[in-house]
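Please walk me through this structure in plain terms. I have not looked at it before.

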Amino acid sequence: MKGHASAPGAGTILNALATGTGGAFAIDRETTSTVELTDDDTITGEIEGAPDADTYLIERCVELVVDAHGDGEGGRVRTESEVPMAAGLKSSSAAANAVVLATLDALGREVPREEALDLGIRAAKDAGITITGCAAGARASMFGGAVVADNTTNEHLHADDVDWDVLVWMPDERAFSADADIERCERVAPLADLVADLAFEGAYERAMTVNGFAFCAALDFPTDPLLDALPHAAGTSLSGSGSSYTAVGEREALEKVQEAWDDYEGDTWLTTTRTDGARMG
């Protein structure tokens with residue numbers, strides 16, 4: 001029994017580390033997963049291009065789905081990703097969603113997407129790779145569009161379709177969400193509340209820009225990339241807990257931002273938002 005699925009990564013509208021409320025938007029870079037179930041109860045994982053990476057998250061996703069909907073199967077799970085790890089682009093959420101859906105595909109089961117989402121979030125918490133619960137990023141990856149969610153309860157608070165071109169600058173260094181300084185982030189809670197209010201009003205671009213400056217300060221990332229983007233982009237932010245930055249708007253304007261961001265060490269690339277989310281099969 002073999003199953004396949006894919007799920008997009010996401011950029012940040014609101015980092016949830018300050019208040020528990022987070023916001024994210026899906027981007028057109030995917031993680032794909034193949035799950036092959038076996039008769040024994042052993043589960044092994046492989047991440048393409050990262051032979052030494054920790055595979056507990058993807059193995060735990062298979063285990064949770066089999067526990068809920070299978071009959072004690074084991075299996076082999078493999079992921080391939082266009083979403084870089086530890087860069088603030090919701091790579092773990094994309095991987096969890098893809099693996100959960102691929103396992104369901106292998107079992108021949110269809111379940112409500114909310115249930116699939118919850119299984120992936122639970123696996124991420126079990127793996128210790130998230131502080132907030134990653135509900136906003138996971139939800140954007142599963143359903144597409146722009147999402148605001150309560151990361152403490154997984155409750156959906158707001159959703160909308162957005163149609164932007166997206167520029168990403170990914171520095172060479174990586175930043176792990178679980179290592180973020182929570183106490184410093186909590187100090188910008190009043191700004192995070194403002195970001196949430198702007199997002200609820202549909203002012204996502206302004207929301208993410210305020211978020212960017214607030215969390216660059218809290219997490220000790222430079223604001224120069226944001227200042228470079230402001231004359232041209234509709235919105236710009238640090239993505240997640242870093243290290244990537246995103247800018248959104250019209251492609252021609254973002255190409256001007258890219259010229260500035262290309263002066264920094266690392267990689268820049270253009271993509272778009274996604275209004276559809278994870279896909280099975």
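The model is a predicted one.

Most residues other than glycine have a negative phi, and most peptide bonds are trans. Lysine 90 has a relative accessibility of 23%, so it counts as partly exposed. A positive phi is also found at asparagine 154, where the value is near 70°. Asparagine 154 sits in the loop between β5 (146-150) and β6 (155-160). Its relative accessibility is 17%, and it therefore counts as buried, the cut-off being under 20%. As for the peptide bonds, the one that joins glycine 242 and serine 243 is cis, with omega about 10°. Serine 243 belongs to the loop between β8 (235-238) and β9 (245-249).

The interior comes next. In soluble globular proteins, nonpolar side chains tend to be buried together. The largest nonpolar core of this model has 49 residues, of which Phe25, Phe215, Tyr245 and Trp261 touch the most other members. Helix α7 (residues 204-219) gives the most to this core, contributing eight residues. What does phenylalanine 215 contact, leaving aside its neighbours within four places in sequence? Its partners are Leu14, Asn15, Leu17, Ala18, Cys185, Val188, Asp220 and Leu238. Another core, of 44 residues, lies apart from the largest one and has Val35, Ala96, Leu101 and Ala124 among its members.

Two helix pairs can now be described. Two packed helices are described by the angle between their axes and the distance between the axes. For helix α6 (residues 189-200) and α7, the angle is about 165° and the axes are 8 Å apart. Because angles over 145 degrees count as roughly antiparallel, α6 is roughly antiparallel to α7. Their crossing is left-handed. On the α6 side the contact is made by Leu191, Leu194, Val195, Leu198 and Ala199, and on the α7 side by Tyr204, Arg206, Ala207, Val210, Asn211 and Ala214. Sorted by class, this contact has nine nonpolar residues, one polar and one charged.

The other pair is α1 (56-69) and helix α3 (residues 113-127), whose axes come within 9 Å and cross at roughly 135°. That angle makes α1 oblique to α3. The crossing of α1 past α3 is right-handed. From α1, Tyr56, Leu57, Arg60, Cys61, Leu64, Val65 and His69 meet Glu115, Leu119, Arg122, Ala123, Ala124, Asp126 and Ala127 of α3. By class, the contact of α1 with α3 has nine nonpolar, one polar and four charged residues.

Finally, consider the loop between β3 (43-47) and α1, where threonine 55 lies. Is threonine 55 buried or exposed? With a relative accessible area of 15%, threonine 55 is buried. Leaving aside neighbours within four places in sequence, threonine 55 is in contact with Gly45, Glu46 and Ile47. Glycine 49 is found in the loop between β3 and α1 as well. With a relative accessible area of 75%, glycine 49 is exposed. Its C-alpha atom is separated by 9.6 Å from that of threonine 79, which is 30 residues apart from glycine 49 along the chain.

Terms used:
Residues are numbered from 1 along each chain as its sequence is written. This is a predicted model: local features need pLDDT of at least 70, side-chain atom pairs count only at pLDDT 80 or more; totals for chains, interfaces and linings use all residues. Side-chain values use heavy atoms; hydrogens and water are left out. A nonpolar core is a set of buried Ala, Val, Leu, Ile, Met, Phe, Trp, Tyr and Cys residues joined through side-chain atoms within 4.5 Å. Buried means under 20% relative accessible area, exposed over 50%, partly exposed in between (1.4 Å probe, protein chains only). Helices (H or I, at least four residues) and strands (E, at least two) are DSSP runs, numbered from the N terminus. Contact means heavy atoms within 4.5 Å. Axes are lines fitted to C-alpha atoms, for helices over the stretch in contact, and angles run from 0 to 180 degrees between N-to-C directions. Angles under 35 degrees count as roughly parallel, over 145 as roughly antiparallel, 65 to 115 as roughly perpendicular and the rest as oblique. A crossing is left-handed if the near helix is turned anticlockwise from the far one by less than a right angle, and right-handed if clockwise. Ala, Val, Leu, Ile, Met, Phe, Trp, Tyr, Cys and Pro count as nonpolar, Asp, Glu, Lys and Arg as charged, and the others, Gly among them, as polar.
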